[in-house]
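Visitor: Could you walk me through this one? I would like to start with contacts and then move on to packing.

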Amino acid sequence: MKNTNILHYIFMHVGFLLYAFYPVLGKLASKYDFLSPYFCALYCGIIFLLFIYALLWQQVLKTVKLPVAMCNKAVTIVWGMLLSRMIFTEEITPKKVLGAVIILCGIVLLSATENTGKKGGKV
């Protein structure tokens, strides 16, 4: 049971990695003339990535509660930061790292609360 739960989270984060990659393609497309073959190919790639992400997201929502999944979606900020460093050699500043750590701590806290069955408040 626990391994299945971990697999759902891994599956969810693979989807988030795909989701974080679409702005990279958009930035690459901006280097080409509007409606040029490269521009169109990159935007077709964006549409394809978002299609795959939408399919993954629907599968994730079958196994992970929506508040947990939405909170985990914030990890796309971290993925985006790492992708921009690897592809565009953008600088990762201490402020960016601190922000990413705060985001990850929030994700871990929410996930830990969800796994123990405690609720954060009354609805």
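**Contacts and cores**

Guide: Apart from neighbours within four places in sequence, His-13 is in contact (heavy atoms within 4.5 Å) with Asn-72, Val-75 and Trp-79. This is a predicted model, in which local features need pLDDT of at least 70 and side-chain atom pairs count only at pLDDT 80 or more, while totals for chains, interfaces and linings use all residues. Residues are numbered from 1 along each chain as its sequence is written, and side-chain values use heavy atoms, with hydrogens and water left out.

Visitor: Is His-13 buried or exposed?

Guide: His-13 counts as buried, because its relative accessibility is 19% and buried means under 20% relative accessible area, exposed over 50% and partly exposed in between (1.4 Å probe, protein chains only).

Visitor: Which residues touch the most other members in the largest nonpolar core?

Guide: That core has 14 residues, and those touching the most other members are Met-12, Phe-16, Trp-57, Val-60, Val-64, Ala-69 and Val-75; a nonpolar core is a set of buried Ala, Val, Leu, Ile, Met, Phe, Trp, Tyr and Cys residues joined through side-chain atoms within 4.5 Å. A second, separate core has six residues, including Leu-25, Phe-39, Ile-46 and Leu-49.

Visitor: And what does Met-12 touch?

Guide: Not counting residues up to four places away in sequence, Met-12 touches Val-60, Val-64, Ala-69 and Asn-72.

Visitor: Changing topic, how exposed is Ile-77?

Guide: Ile-77 is exposed, with a relative accessible area of 52%, and its C-alpha atom is separated by 7.2 Å from that of Ala-100, 23 residues apart along the chain.
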